[in-house]
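Here is a friendly briefing to read alongside the model. Keep the viewer open as you go through the points.

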Amino acid sequence: MGERKATRARASATSAEIGEQHAAGGAVSAAARAAPPLSLPPYQTVALVLQGGGALGAYQAGVYEGLHEAGVVPNWIAGISIGAINTAIIAGNAPEHRVEKLKAFWDMVCQPAYGFALPPAVEHAFFDSSAPVRTAFTTMQALSAVVDGQKGFFVPRLPPPLPFTQGTPDTASWYDTGPLKSTLERLCDFDRINSGETRVSIAAVNVGTGNFAYFDNQHTKLRVEHFIASGSLPPGFAATEIDGEYYWDGGLMSNTPLSEVIQASPRRDTLAFQVDLWSAQGPVPTNLTDVQGRMKDIQYSSRTRLVTDMMQHSQRFRHVLREVLARVAPEHRDDRWCKLAEELSSSHRYNVFQLVYRDKEFDGNYKDYQFGLSTMDVHWTSGLRDIRDSLAQPGWLDMPENDAGFVTHDIHRDRR
């Protein structure tokens, strides 16, 4: 009970306190970048895996800032939905400019598309007020997103489409993401994304076939449309056309691209930072509004857990098979079953850091479309704190030595 109260106290931090943490974080980041980077074991792949979750994506930006200040440079970034948007900004800029560009993006999209944004001091005053006032204020911000859209991200279609009016696939939605296209073209260098400096993978769903599609810069020249397609969640956003096919948000089928990283061939020793925006754990709802929010948590987090569990079991079988083969006499290794086992086995190891956003007491069922500067600061700072705490744990970065060759770490789970 005491731990729960402490957690609620941390979640109730005012935006002024968060601002101070950001200021302190900036100072720490500068000092950290001047210090020697973390010394990692010889992982062949260092992957950053970014889940979908709309406005909660600022948590991912905070995680990336923590990796950056620690000198951890991913050589593979994979994203879905808002994770794909953050992927474009990270991979589309030089390492020294990535945090700056992420902040520029999130500062912009947390303002209404139409009308005037409240002065930051006024917004912080509402956000830092009593719990009922804060709840009412964040609810109004979510309503503003529905009515006005968000600057540089999406705007409502005017006039709104009628449900039975025939149109085209790229207009069958409540909102137009044209502003996002302009924003990404301004903030991202797509030549850098396609240079191969960093491997980039993003996922979407082919609307016509229903198949899951990965777009990877090792095989495809990625354009802004690929990243927008990954976040084209219906019916809010229309399907995005790519080479004559139409695509929706990849989160409709799987909200994490971790399987793409773990199952990649040839297999490689891998350190993966899996950043999830939906927590499996949460309170049992007592009203219909909270039921909707809890349904989203379970729906999206369950897919992530399923993928992680399947990957861990699969790698354990491959690792054990390798150990068994090592004990087979050389004169039997030409047996066809041994050769097949050789193909299926693997001695490579996988270390997965799970960074999972934990709900704050002010989060409502609209948390994925409640864009506000104060809330964004809380999300960002949570991600920064979680990755700093995770990287500071003794032994967590070590190569796995268990019989599966596969370990997972979660700072919130392992603290319990």
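Predicted model: local features only at pLDDT ≥ 70, side-chain atom pairs only at ≥ 80, totals over all residues.

Residues are numbered from 1 along each chain as its sequence is written, and side-chain values use heavy atoms, with hydrogens and water left out.

**Helix α7**

- Helices here are DSSP runs of H or I with at least four residues, numbered from the N terminus.
- Arg134, Phe137, Thr138, Gln141, Ala142 and Ala145 are the buried residues of α7 (buried means under 20% relative accessible area, exposed over 50%, with a 1.4 Å probe and protein chains only).
- Those buried residues fall within an arc of 140° seen down the axis, so they line one face of α7 (the arc is that of the directions from the helix axis to the C-beta atoms).
- Pro132, Met140 and Leu143 are exposed on the other side of α7.
- After α7 comes Gly149, with a positive phi near 80°.

**Nonpolar cores**

- A nonpolar core is a set of buried Ala, Val, Leu, Ile, Met, Phe, Trp, Tyr and Cys residues joined through side-chain atoms within 4.5 Å.
- The largest such core has 70 residues, and Leu48, Trp106, Leu184, Phe227, Phe273 and Phe371 have the most contacts inside it.
- Helix α4 (residues 82-91) gives the most to this core, with seven residues.
- Another core, of 15 residues, lies apart from it and includes Ala47, Val49, Tyr350 and Phe406.

**Helix α8**

- In α8 (residues 178-187), Leu180, Thr183, Leu184 and Leu187 are buried.
- They cover an arc of only 95° around the axis, which puts them on the same side of α8.
- The buried residues of α8 pack against α4, α5 (98-109), α9 (190-193) and α10 (224-230), where contact means heavy atoms within 4.5 Å.

**Second largest pocket**

- A pocket is an open set of points on a 1 Å grid over the protein atoms alone, where a 1.4 Å probe fits, with protein on both sides within 12 Å along at least five of seven lines; lining residues have an atom within 4 Å of a point.
- The second largest pocket is lined by 33 residues, and Gly54, Leu233, Phe237, Asp368 and Tyr369 lie nearest its centre.
- The largest share of its lining, three residues, comes from α12.

Note on methods. Helix = DSSP H or I, 4+ residues; strand = E, 2+ residues; numbered from the N terminus.
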